[in-house]
Amino acid sequence: MSTLSERLHRGAATAPSQVDHARRLVADWQLLADLAFADLTLWVPLRTGAWWCVAQVRPLTAPTSQPEDLVGSEVQGPDADPFRLAHREGRPVTEGEPDWSGTSPRRREVIPVRHDGVVVAVLAKDTNLAVTRSPSTLELTYLDIAADLCLMVSAGTFPPEKLLDAEMSPRVGDGLVRLDAAGRAVYASPNALSAYRRLGVNGDLVGADLARVTRGAAVDGVAGEAVAAGIAAAVAGRFPDPMDVEAPSATLLVRALPLQAPGAEEGALVLVRDVTDVRRRDRALLTKDATIREIHHRVKNNLQTVAALLRLQARRMTEPAARAALEESVRRVASIAVVHETLAGSREDVVDVDDVLDQVLPMLGDLTSIGPAARTRRVGGFGELPAATATPLVMAVTELLHNAAEHAFPADGPPGSIELVAERDGDDLVVRVRDDGQGLPDGFDPALSDGLGLQIVRTLVTSELGGSLLMRTPEDPPGPGRPGTEVVLDIPGAARPRR
């Protein structure tokens, strides 16, 4: 299935600003569908003269009148006449007779979607006529607000310029208050009244200055002033960002929208949602996140202390083999410390492996005392990986780089080069460590090698990462007269995007 942007580009909405406007409408049109008790579909004209449905939403407040999926369907001929009329004249068009062809009768209104004076699409609003409703104050208010918003869509003043998070935005059923041009409540839904009761506001909201009432309920005077200013801004015709108002016993998310339809009474719509439990969980997660980052910071400090103690002990050793073993341990501990340092500065349990390796690579030259200096180059990107994958991967890679720097080049030969390559193969991560050195010894079998470094790499790759290790001579020698060596790590699933 193509994306909404791709479908819009196929129609009349070809300019980036027009596509963005249509995308913002679709992101916010659940509000309109719920207020109108109607299904909404977005249609764009094609060069063939037909009209193509690019998006669809059903109401949460009423039974659907369009149970079938209309996205991708085309309409032409007489059925498309209301679309063409609304698009050409730039005004809402209501079909005269209900449509009785489906499982339930429905009436369609077609609304032009205008942006910067240009009609870029049309919005079809289909109402299920089989549902019998009592003319309650709530329903009449919903329909009245929906009519205003439809006129604003036609005039190009809705949706707002800023794309909102539809998942967190309050919905119609959470709580709704309609304000007049003076900012006083003319209607408050039962859920809105209950929400304000939880804030500690007693009495009816109708007739009250909602901005002042909301400001008085907030425990934080600055936050209360900001929410009140947002409500006043909506009454004045602007689209403020949703904001929280916190009282001792509850927290409400408040979203205010202007209602300034041409020829209609001006005012504002205020949606409220009780987010007390959500904010409590958010604070708990922030506390846990800070605790985890502090743990990573302390682990990093402890590892650096261990590395310093090992380094001091290495300097006191007179036996070269023992000193070399301690220096290798310093390098391994320092590599793990860099990973924890990265985690301590991150708000998520993921590691930018490229950044870690860029910090580890300079340490290899400092700790490599055998063989000539080697130039190390990184090609490709590892990206972000979970800490459980990044730590063994960094250790395995540093072991391989250190092994190549110490053993690939003869002591009396010219300096060589080492290349670290990261490649993505679907969800798998393929890491190659290549050098242009003297190659593998005759009869060398990495599976039978008793070297500590290769044993560590083999254990990390197969046991920790569930991958495979291959050491071989490259088919195309990297340097003249020297066969070189290539080590390939194949790690399944490491490159899979995080959910």
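Me: How do the residues of the lining of the second largest cavity divide into nonpolar, polar and charged?

Reply: This is a predicted model, where local features need pLDDT of at least 70, side-chain atom pairs count only at pLDDT 80 or more, and totals for chains, interfaces and linings use all residues. Residues are numbered from 1 along each chain as its sequence is written, and side-chain values use heavy atoms, with hydrogens and water left out. The lining is V227, G230, I231, P240, D241, M243, V254, R255 and A256. Ala, Val, Leu, Ile, Met, Phe, Trp, Tyr, Cys and Pro count as nonpolar, Asp, Glu, Lys and Arg as charged, and the others, Gly among them, as polar, and the division is six nonpolar, one polar and two charged.

Me: Which elements give two or more residues to the lining of the second largest cavity?

Reply: The lining includes V227, G230 and I231, which are also among the buried residues of α7 (buried: under 20% relative accessible area, 1.4 Å probe, protein chains only). Helices (H or I, at least four residues) and strands (E, at least two) are DSSP runs, numbered from the N terminus. The elements asked for are α7 and β10.

Me: Which residue caps the N-terminal end of α7?

Reply: Helix α7 covers residues 221–235. A side-chain oxygen lies 3.0 Å from the backbone nitrogen of V222, and the residue that provides this oxygen is D220.

Me: What is the phi of G237, near which value?

Reply: G237 follows α7. Its phi is positive, near 105°.

Methods
Expected span 1.5 Å × (residues − 1). Buried < 20%, exposed > 50% of the residue type's maximum accessible area, 1.4 Å probe, protein only. Polar contact = N/O pair within 3.5 Å; in protein donor to acceptor, adjacent residues only side chain to side chain. 1 Å grid on protein atoms, 1.4 Å probe; cavity = no way out; pocket = protein on both sides within 12 Å on 5 of 7 lines; lining within 4 Å.
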